[in-house]
Number of protein chains: 2
Amino acid sequence: MNDVIQTILRHRSIRRFKNEPLTKEETDQIIRAAQAASTSSFLQAYSIIGVTDKAKKEELAELAGSQDYVAENGFFTVFCADFSRHHTAASLHGQDIREAVESTEGFMVSVIDAALAAQNAAIAAESMGLGICYIGGLRNNLESVSSVLETPSHVLPLFGMAIGRPAQQHEQKPRLPQETVYHENTYNLNSDELKQQLQNYDETILQYYRSRSSGNKEITWSSQAASTLAHSKRLYLNAFTQEKGFLKGRP
Amino acid sequence: MNDVIQTILRHRSIRRFKNEPLTKEETDQIIRAAQAASTSSFLQAYSIIGVTDKAKKEELAELAGSQDYVAENGFFTVFCADFSRHHTAASLHGQDIREAVESTEGFMVSVIDAALAAQNAAIAAESMGLGICYIGGLRNNLESVSSVLETPSHVLPLFGMAIGRPAQQHEQKPRLPQETVYHENTYNLNSDELKQQLQNYDETILQYYRSRSSGNKEITWSSQAASTLAHSKRLYLNAFTQEKGFLKGRP
């Protein structure tokens, strides 16, 4: 197993960092890594905002649900779907790109582009001995996040990533069994098999939560997943994404 | 610069592979790497379908727009947004998760989860000396792709990834300048600055396309991006995603 795969397999989210900014060399390397990712039709339909201003970091920490490590870390980044730049590009050629940008396909292209870039940033950072944590919590209040970051139309902040020198170590959380996530040739529709796999995995996760060094709880994967999804949240995004110029295509 | 960052920065899409299947050890490592990625609220809302059946690979190659390398490679994978498994999980606990799964937030969670996993798979494969190419072309006809792969409701194939021992080498395509993609604290709204950056980059890309060892053309980034987006495609996805149980939330 080579160093790259070891780095990838060692991942765990870090939620406490030394409050020391990364060097410019470190942040440059992370951004370069992000930009090296594949991108649909070479569109590069994303932007990365590096938040170094202390007051802004604290505001975002609050918006993300009082997650201290959003403010206290080495580098806080926000990955955004971005077609604003493409509107400018199109204007140089007298082209109208609204329909594409507003379509479901357009949304998928930009979200996927941003996510691939982000995952490269994450692996690069982890290879440098840094820890990372994706911050979906920004989606609690993207309207305010957009204000803080002054993002225009056709730019949608998707998630943050806190990066820094780790100030905690903890165990990895075991993933679903491969046979649940990976299907050969056709999607495995065997419901009894799936239930059995989930019941076994529930036991694995229960043991993990009981025995990990902190944050112990009595919960299984399926009950936690069910509970997370039963309480629909962020329904305001159905409308807000449209206000920012995404997902406006009529079916 | 460590091996991991070197691997990441060396990426280029490969579009010709030796038609030899990867070993089980290789494919296992790639799937394990995929599963090690971060996932929103630990939902792991994605599936990976490995297509080894020759007839299916040829069918998908046709659907993707006659891209031979979709059929001829070492391993062809399709990454899917997946909440089907969560419906099963929720049924074990008598919970109703439809609203969350149908919301824009739900779509974002599952698409991002799948993309992070895919990018890990890509980097892992490249670290093993393999080449990869994301296949967005599957979205030309997701209805047929879903038939071939027998994916149920609440599962949406997003893109493919062809992986294999490279049978070509070529130059890397230069990315947008960092100052265009990366913003400090607030989104850079300076339109004149952006136009200047795009004009410089257009020159870079024009030179790249003129001088690369094959596939030469006379085109700039901004005209190609504008042209790609001016011809809206895959508008059927606006409705199709809804048919599969995604993006049904009323704004």
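# Close-up views of pockets, cavities and local contacts

**View 1. The largest pocket takes up about 1100 Å³**. The model shown here and in the views below is predicted. A total of 49 residues line the largest pocket. Nearest its centre are A:Arg15, A:Lys173, B:Thr39, B:Ser41 and B:Phe42. From chain A, strand E3 (131-135), helix H10 (191-211) and helix H11 (221-230) each give at least two lining residues. Helix H7 (104-127) of chain B also gives at least two. H7(B) has the largest share of this lining, with six residues. By class, the lining of the largest pocket holds 22 polar, 15 nonpolar and 12 charged residues.

**View 2. The second largest pocket has a volume of about 990 Å³**. Its lining consists of 40 residues. A:Thr39, A:Ser41, A:Phe42, B:Ser13 and B:Arg15 are the closest to the centre of this pocket. H7 of chain A supplies at least two lining residues. So do strand E3 (131-135), helix H10 (191-211) and H11 of chain B. Here the largest share, five residues, belongs to H7(A). The lining of the second largest pocket splits into 16 polar, 13 nonpolar and 11 charged residues.

**View 3. Lysine charges sit over phenylalanine rings of the partner chain**. A:Lys173 lies over the face of B:Phe42. The distance to the ring centre is 4.4 Å. A:Lys173 and B:Phe42 are also among the residues nearest the centre of the largest pocket. In the other pairing, the charged end of B:Lys173 sits over the ring of A:Phe42. This charged end is 4.4 Å from the centre of the ring. A:Phe42 is one of the residues closest to the centre of the second largest pocket.

View 4. Four cavities of 30 Å³ or more turn up in a search of the whole structure. Helix H12 (237-243) of chain A and helix H12 (237-243) of chain B each contribute at least two lining residues. The lining of the largest cavity comprises 10 polar, four nonpolar and four charged residues.

**View 5. The second largest cavity has a volume of about 110 Å³**. Its lining numbers 14 residues. Closest to the centre are A:Leu43, A:Glu105, A:Val109, B:Leu229 and B:Lys233. Helix H7 (104-127) of chain A and helix H11 (221-230) of chain B each supply at least two residues of this lining. The largest share is three residues, from H7(A). Six polar, five nonpolar and three charged residues make up the lining of the second largest cavity.

**View 6. Six phenylalanines from chains A and B form one aromatic cluster**. Chain A gives A:Phe83, A:Phe107 and A:Phe246. Chain B gives B:Phe83, B:Phe107 and B:Phe246. Over all chains, the structure holds 17 aromatic pairs.

**View 7. A:Gln44 and B:Gln44 have positive phi values**. Most residues other than glycine have a negative phi. For A:Gln44, phi is near 50 degrees. For B:Gln44, phi is about 50 degrees. A:Gln44 lies in the loop between helix H2 (24-35) and strand E1 (46-51) of chain A. B:Gln44 is in the loop between helix H2 (24-35) and strand E1 (46-51) of chain B. Are these residues buried or exposed? A:Gln44 has a relative accessible area of 1%, so it is buried. B:Gln44 counts as buried because its relative accessibility is 1%.

**View 8. A:Ala37 is a buried loop residue**. The loop that holds A:Ala37 runs between H2 and E1 of chain A. A:Ala37 counts as buried because its relative accessible area is 3%, under the 20% cut-off. Which residues does A:Ala37 touch, leaving out those up to four places away in sequence? In chain A, they are A:Leu116, A:Ala117 and A:Asn120. In chain B, they are B:His11, B:Gln119 and B:Arg175. A:Asn140 gives a sense of scale: A:Ala37 and A:Asn140 are 27 Å apart in space, C-alpha to C-alpha. In sequence, A:Ala37 and A:Asn140 are 103 residues apart.

Terms used
Residues are numbered from 1 along each chain as its sequence is written. Chains are lettered from A and ligands numbered from 1 in the order in which they are written. This is a predicted model: local features need pLDDT of at least 70, side-chain atom pairs count only at pLDDT 80 or more; totals for chains, interfaces and linings use all residues. Side-chain values use heavy atoms; hydrogens and water are left out. Helices (H or I, at least four residues) and strands (E, at least two) are DSSP runs, numbered from the N terminus. Buried means under 20% relative accessible area, exposed over 50%, partly exposed in between (1.4 Å probe, protein chains only). Rings of Phe, Tyr and Trp (its six-membered ring) pair if their centres lie within 6.5 Å; planes under 30 degrees apart count as stacked, over 60 as edge-to-face and the rest as tilted. A charge sits over a ring if NZ of Lys or CZ of Arg is within 6 Å of the ring centre and within 35 degrees of the ring normal. Contact means heavy atoms within 4.5 Å. On a 1 Å grid over the protein atoms alone, a cavity is a set of points where a 1.4 Å probe fits but cannot get out, and a pocket is an open set with protein on both sides within 12 Å along at least five of seven lines; lining residues have an atom within 4 Å of a point. Grid points are joined across faces, edges and corners, and a volume is the space filled by probe spheres set on the points. Ala, Val, Leu, Ile, Met, Phe, Trp, Tyr, Cys and Pro count as nonpolar, Asp, Glu, Lys and Arg as charged, and the others, Gly among them, as polar.
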